[in-house]
Structures are given as structure tokens and as C-alpha cells.
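Dear colleague,

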2 protein chains.
Amino acid sequence: MEIWRVNARRRSLLREATPKSWEKFGGRGLVARIMRDETPPTCDPLGPRNKLIFAPGLLVGHMLSSCDRISVGGKSPLTGGIKESNAGGRTGLHLTHLGIKALIIEDRPEDDELQIMVMSTDGISFEPAADVLGKGVYAAAEILISRYGKNTAIALIGPGGERKLSSAGIQNIDKDRSPSRIAARGGLGAVMASKGLKAIVIDKSGGEKPDIVDPAAFRSARKRYTEALMSHPQTRVYNDYGTAAMTMMASGFGALPTRNFSTGEFEGAERISGEMMRDMLLERAGDAQTSHACMAGCTIKCSNVFADDQGAGIVSPLEYETIGLLGSNLGIDSLDAIAGMNWIVNDLGLDSIEIGAALGVAAEAGVWEFGDEHRAMELLEEIRQGTPLGLVLGHGAAVTGRVLGVSKVPVVKGQAMSAYEPRAIKGTGVTYATSPQGADHTAGLTIRAKVDHLDPTIQTDISRSAQINMAGYDSLGVCSFGSFGFAVAPDAVRDLLNARYGWDSGDDILQKLGRTALTLEREFNSLAGFTSADDRIPEWMTIEPLAPHNAVFDVSDEELDSIFDWIS
Amino acid sequence: MEIWRVNARRRSLLREATPKSWEKFGGRGLVARIMRDETPPTCDPLGPRNKLIFAPGLLVGHMLSSCDRISVGGKSPLTGGIKESNAGGRTGLHLTHLGIKALIIEDRPEDDELQIMVMSTDGISFEPAADVLGKGVYAAAEILISRYGKNTAIALIGPGGERKLSSAGIQNIDKDRSPSRIAARGGLGAVMASKGLKAIVIDKSGGEKPDIVDPAAFRSARKRYTEALMSHPQTRVYNDYGTAAMTMMASGFGALPTRNFSTGEFEGAERISGEMMRDMLLERAGDAQTSHACMAGCTIKCSNVFADDQGAGIVSPLEYETIGLLGSNLGIDSLDAIAGMNWIVNDLGLDSIEIGAALGVAAEAGVWEFGDEHRAMELLEEIRQGTPLGLVLGHGAAVTGRVLGVSKVPVVKGQAMSAYEPRAIKGTGVTYATSPQGADHTAGLTIRAKVDHLDPTIQTDISRSAQINMAGYDSLGVCSFGSFGFAVAPDAVRDLLNARYGWDSGDDILQKLGRTALTLEREFNSLAGFTSADDRIPEWMTIEPLAPHNAVFDVSDEELDSIFDWIS
């Protein structure tokens, strides 16, 4: 596998053999390794010294169910720390078929012109982007697909990325060519714009699947993993309800963020539940699908296609985090309204979590009223137009709170919390507080642990273990839901890696990968200026009790500071 | 002397004897001591755990020339670190005559109502502020003076503070009752609003000058100091030209910030010089004054009253920093235009340095064109109206840069640089980078040092010594220009303190005070999460050369990190 190093100023490519010291890294871990090795941690995230990295996980390339995710990384303009954000879709798979272990985009063009970079077995070429500039992600992707062919992979930014908004992500087309698989968090879309790129098109014609050292062993491990995944009860739940199954679970714990995280109970919870959505989609039919896969080979198919009451598709997928942040967090209890907002946010190429949190803060400030879905849509259109208020919202919850004078802002390290209240699910609060990524449920969700989520004294171990595992899966390219399969068949991780690469990894390879990634990320952040003061839940959540449990976030600073206990 | 501790939630007062451990502290040093002793460094600057402190300097209370300044402090909403901002006017003098060593305002009201706090020998009372809310500083001060009498001191916030803008300061009325003496930097006006205060009125009737242990020795030292000050050539310069004398000096060094710090040369420098201003004011007469004192007893009288061509007063004083930031930095070469903008900024209760820098960044982003003074005035009115763009600008240069997607932002620790280009006066760049206060020329200006200001290898010692001395003077309540007198008669500091308090300070008392204040400030910031990564000039200034010397800021990180070499 090769490293493709693109100089964005000269628009040139250098193809290098993978350095020995990077061989055992992939995905999130490889992002962390490269950032530590090559990027000054104090660099301006939108300046010439930051890098934008695309690194497929270690298991990517073989259409293993839920294992073809692409990690995108760099220094985050949202958090000021290291950022890895991963997505499904085709990008990871296609990069591996070009033999690419990591694509590293360096430096910055002299001018502000955005172009399209086309990658193929011949290398790279740059083409003008004039006809897609300013266009939403959906329209731009359609043009690019018609120009470059249906079999390409495309990673692109929307108008939000073009404006270098801190909530801008990078959208990837899925197996059905919908550009809805976003590496959403931390503003990497703004970094892509700073590198002069509107889109990256990957044409894998003539490329090949990565070599497998021991194909028989790989097939055997794959079989065990797939069977474990297929037989896991959670796979059934996600197939039926998608991630929206979480609405009632979070609500049951009093952890559904409601009206800018002011309560954990939402009177409209059932109306925005997975059960309600399933009933609606089954009834509506037409484009509606209760189950849909983002990556070829996925057996879970947790996605859906949300259609309107005429059966016309609105958005795919409608996810729980979006429902929580654009729904209950805004006092909005209509799935149709949420789906409409979600389409706009996607089309702008923005992170729906960050935007939902920003709108919640804006409502807290009195800019609009919770529940007024019409006005919420208008505010999203302000982001598209780039009005001053739109720009503020587009930079996320922390900037919105700062500008509008709101102290109750649900962020850690400048990044908005996901749809799990840290005062009600305190282990996830520990993850929010301490993850090098900023507040992020995918860095270590703890809601499924069979413990008292309100007890502050027992959360650190749970969060630590979740963070290590997730950093491991993110290094493999495995989706959170693929992890259900590996949890039942843990040997399969070891066996797949050893068969694929000829390694002799032990049983703890997942944890090794996870710890290594976290260690490198912590080092980077420390050199970037982060301290334990950044590993905290906002002060107001430690003071103001949350209904219905009247809980504050009270995991002690000592507990928080002990989380990465293997790092001296 | 007493500590007056106000609880802003209960609107109650506790009068305490000064703790032994605080006795030797005053002004900036006392702010630092109190913040370290009582305030959690990670607190929300606008939350209940931050404190707003008014601490007169150690020499305040005796109408020593240029020695009655008030230090205001707390945790800064602009920098996120400790903040001390000092001002002339009456506030310091009046507090000492009530026997107050420090006024500490704690906690935060339940509601957002702003009130007026009246202080007298009877204690405190709170009164409704309805008739002054939303009013500019000038109109509000006039109402308050007519209500509370001409002999009161008043510290108040403007509409900017009411909106909790991060560039909001606290205005103090001067000896002639103009509310133009602003504790400008770091957003303390927003902190005052968070404590529910529009104004603090200090009625010193029945109060007394602070005791002097050895009046004869005090008189003698005072005489030596005053004579030294009067005979200093710089006193003459400031008397004639005010701080505007610096325009041509900075220009001569290629250090005049021009068009968002893009060059150090401004073709209109002479038109905004002190010499030009003096000629204009002498010709205009009427209200115009080339020399005016902000504090009773000042022999320097560096201020001025800027009048229009009919002789009608526009603003007093018009200072060099304002000329640099609202003038050359915005490509504006008309003193009349700058004075008009200055009046609005003052009336809003904002820091003209921060606002000038924010407007420069906005011009860089294409929001308006450099030099268009009419549009600049409109943008200032947007701040008054609280439009989204106005709020963004009012939060200062860093927020403006973030929202508008500009990387070339002249800030350190989130605070805008003053009107000395750090690439041309590198010692002052070292001060900007390393001062616990954020970029601030008053923390240690080096332009008068007789050295090569472009040589990166010799600046650290110069900045260190300037920072120590200034932190000392800020602890005494001495104005920067009073320091010219003490520089000639250094014994006078020691003798005045020993006579006033009965201490046995040695020759190095000024430096001791300075080092102690800086040490405490560094400790606070470190616990608040600051690291050496925060002690840096922005990356772009280390890469992009500045005309006319084509210099970058290239003092090494090692030099910067060695600045506080007495702190282990």
C-alpha cells in the first residue's frame, strides 16, 4: 500500500511506499500517527501547516459487513485539537483499490479557488469546479456523478464547507450514489476548502482489492464475524428501526436532550421515535425504506429512506442524533419537519449535531422560539445565504453561544454534545469530557452498560473501556454496529488482521490499536495546548439539575483526570 | 482598609478587615492575589463563580500625579484567562476615601435585571436602572451625575456591556465628569453585566483620605517624584501632543498597523499624527484642548479634547491606540473621522483597540472596504443595534475572524494587538505573546528601548524587564507616564510606600510587586488551561513578511518560553 501525498499549492502528487513505522496503523490510528509525525500541533487549522488526511481503516477493502469506513482527519477548526471523523459510503473502499493506505493533502493554494481532484491509477489531476461551486451537496454530486461516471467514489463539501464553517463536514456518496455519508464532526469540510478542494473523485478502474496474505483464514474469520453479527439481537433492532430506536431508550433514561439540554424529558418523544418512524415509512411506501445499507456488503442495513406522505423520498438516512438535536433539542416533535431540516443540513454539508445544538443555543438566546419548525427552516436557509446570523450558527454551538451571550452551551472542547444528556448518562458524559475528539458519543457511548448511569463513582472505567474499543474499531474501519458482531466473536478481529497482513497479533489487538490511537491523540492535543481544564463538562451542567432525575454532572475531576491511566 | 464583598445574587454587602496576606498587595497584584485565592480558574467568566474586582493601586488616594488609577479585574470572557484592566478618572480615589482596599463582586443574580449600586459610608444600596438601560455611556452618565451629584465617582457600562460583548469595558468618569476613562480590555464590562450592574456610584462624602504613617517622608518623596516627572522631556511631549505623539514614532519604525496589520507603513501617517492633531486643535479652539488631565493632580495632562472645525468637542481623549486601530489599521486617514468613530465606541462602552482590530478583520473578509469611513460608522451603529454582524464585531477580532473565515487575525490569547506591529517592534511582540493578559502594549511596551527592534535574539530581556516594571506600576496605581518620573527618581517608589504604610521595602520593591503579580497571573492562567502554546504570536505573522522591513516575527519559542525565568 502507498501513501499519496498531494501538495495543494503546487497541485502535485508524490507517491511513497508506506513507511515501516506506519504499517500497523490504519484509520483513526493512522491519522493520529501522521499528525504526530508531521503536523505542528499549534498550527492554524486552516493554514498551510495543517494536513487533511484520508485513511481507510485496516480492514477496509474487502466488503466485510460494516467494515469499509473511511477516516478523515486533521487539526480541527472547531476544537483546535486533533480530529478524526469517519464515514460509510464508498470512499474507503475505492481508496484501498487504488492501493492507497493514506491520502495526505498538504499546504494551501495561494488563491481561494476551489477545484476538483480526480484520483485514478494514473495519479491525480485537477479540474475546474466552477459548475458545482456554491451548489448544495445533492445537486453537486449529481453533476459530478454524471461527469465522472456511476462507479466512482466522491467525497465533497457543500456550501458550508466552501464558507469554511466550523461545522462543515465532508460528504461521501453511498453505495446507491446518495451523497449523505458525512464525516461530519469537527469542521473537516472547512479544512478541505482551505486546501482548495470542492470534491475528490476516486476512479478505481484498473485497481484491485488489497492483497490478503492468508485467504482461507480470512474467509473463515469473516464467516464467524458475519454469523455473529447476523445473529445478534441488536442487528435486528437496527434493521427494523435504524438508530432511531434510541429515541425511546434515551427518553427512558431521562437523557433525551430537550430545548437546549434544559431537561431530559420530551413530551413529544413518542412522535419522534423509531417505532413511529417505522410505522410511517411502512405506510407511506413509495421511496420509503425502513432498511437500507450505506456500504456494499452490509448485513445490518441500519439506514432508512425517509419519504413524505406521498411516498417521495426526503432524506436518507434519518438518524437518532439528528432526531435528538434537530428534534427534541429544538422542541420539534414532527419527523417530517426534522427530515426536511435534515435534508437542508445535509445539502449544506454540515454536521446535524452541531447545527442542532447551535439552533438550541439560539433559541435560548431568544433568536427564535423552540418548536417553531418554520422559523428553524428559515434559519437554516440563512446559513445557506451566508448572512451574519447564518455564519454564526454555521460555526456551531460554542460560537453561537459566545456571540449571543448564552452561557448554557452544551459543548466540550468547542464541539457540541450528541443526543445523550451527560447528566443522565454520566459515563457518556465522561467520554464527552475526556475524549481527545471533543464531545462525541461515537468516541465511547456507555448507554448499553448495565449499570446505574447516575452514579458518578463508577463511570470512568466504563467510559475508558468504551473509548479504547471505539478507537480500536475506528482504526479498523468498523462501524459502531459492526462491533456487536466482534463483541460476540472477538477472535475474528485478531484473525482477520493476521490473515490480511500476515501479522501475529494477539487477543488484545483491538485494545492495543485503541490505546495507541488515544495516546497519540492525547499527545497531539497536549502539544496543541490542551490541559485537564479542557477535559471538563461545562460548569452550568455541574450546577443546574436536570429533570426528571434532578441530576447534575458530578463525576469528580480526579476521576476525569484518571481516565487515560496507561499514559504516564 | 477594608474589603467590601458584595453578593450580586442577594444584593448584600459584607465588610471585612483586609486579610493579613493581602495587605502588601494593591491594584493589579491584589486582583491576581484574590483571583488565585478565591476564584476557580476554570470558571465560566460570565457565571456565578467568577468575581469582579475593583482594587485601587497601593499609592492611590493622595492625588499624587498620575497615581490614582483603579485596577478592575476578574476572569476575562475575551481571553479566558486572568484580566486586569486599569483606568484613570475618579473611581480609585473615591474607593480609597471610603476606606476600601478592594471591592469584590461575587455570584450572579437569578434574573437578568441590571441595577445601579450606590456605595457610601453607609454601605451599599441597589436602585433601579430602567431610565439608563440601553442608553449610551455619555447620556447615562449625565443622568446619573444629575441624580447622584457632581462629586460622586461613577463606573458604568454601555450598551455593549449590557449585551455582554467580549470587547466591553467599564467606563469611569474623569475629574471633569466625562465618562471616558475606560478599563477597556478583556471584556470586564460583560462581567459587570453578568453581575447585574449597569453602574456603580461612589459617594465619598464623609470619607477620608487614607492614613499616611509618616507624612513628612511622604511629602519629601512626593516632591522628588513630582520634580522628576515635571523635568522629564517626555512629560513635555505628552503634554503637547498626547499619546498621538506615537504615530510618527511607530511609523518611523515601520510599526504602524495598517489595513489589518498587512503593512507597517501608512501613506496617511502624517495626517493622523500628533503634530497634525495639535495644529488642528490649536486652530479650532472652542472646546478644543491640546492638554487635559484625567485625574486631579496630574501634571502631565496627556489627554486632549478633540473638537470639530466649529470648535465643538467630539471626544476626549483621542489616543494613539485609537488612532492606530481605528485609523491606519482601517486605512482611514482623517482625524475627524477617527474622533467620530471613537465617540461611538466610547458611547457603546467598548475597547477601541479590540473594535478597530475587529473592523480590520471584517475588511479583510470583504464585509467593507478599507478607508470607507462612512461604512465603518455604519458598522459601529450595527453594534449599537445588536444586529448579528454587530454582535460578531462587538465580540472582537478573534470571533470576527472565526465567523468570517479570516486567518489573518492579530490577536494573542483572543485579545487584539495594540498599535505596535510585533514584526517591527519584536520586543513588544514578545510582550504580546507572553503577557498573561493577552496582547497588550501596556503590559510591557519596548519601543523606547535603544536597541535594534528587528533583532529576534535580544528582545526577551527587554520585554521581561518592561513586563515586570509595568506589573509593578499597575500594582501601585501609577499611570505609564508617571513611570517616567519614577524612572528618574526610583527611590521615590520605595519611600512613598514605606511612608504611606510603615513598611521597610527595599530598592527593588517595584520589581518585587511586578514579579509577584506576574507569578500569580501565570499560576491562574496555567490552572485555567493555558500552556506555552498560548504564548505565541499568530502563525501567519511568523510566515508573512511585513513591509517595509520584510520582517516576520521570529523570536524563537525557546526565547518566549524563557520569559518568566524566575518561576520554576
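**Salt bridges and a charged patch**

Over all chains, the count comes to 82 salt bridges, a salt bridge being a side-chain nitrogen of Lys or Arg within 4 Å of a carboxyl oxygen of Asp or Glu. This is a predicted model, in which local features need pLDDT of at least 70 and side-chain atom pairs count only at pLDDT 80 or more, while totals for chains, interfaces and linings use all residues. Residues are numbered from 1 along each chain as its sequence is written, chains are lettered from A and ligands numbered from 1 in the order in which they are written, and side-chain values use heavy atoms, with hydrogens and water left out.

One of the pairs is Arg185(A) with Glu354(A), whose closest N and O atoms are 3.5 Å apart. Arg185(A) is buried, at 6% relative accessibility, and Glu354(A) is buried at 0% (buried means under 20% relative accessible area, exposed over 50%, partly exposed in between; 1.4 Å probe, protein chains only).

In chain B, Asp176(B) forms a salt bridge with Lys175(B), with 2.8 Å between the closest N and O atoms. Asp176(B) is partly exposed at 41%, as is Lys175(B) at 29%.

Glu270(A), Glu275(A), Asp279(A) and Glu283(A) form a negative surface patch (residues with over 30% relative accessible area and no salt bridge, like charges being joined within 9 Å). Of these, Glu283(A) is exposed, with a relative accessible area of 72%.

Yours sincerely

Methods. Patch = residues over 30% accessible without salt bridge, like charges linked within 9 Å, V, L, I, M, F, W, Y side chains within 5 Å. Areas by Shrake-Rupley, 256 points an atom, 1.4 Å probe, with all protein chains shown as cover. Lys, Arg positive; Asp, Glu negative; His and termini not counted. Charge placed at Lys NZ, Arg CZ, Asp CG, Glu CD.
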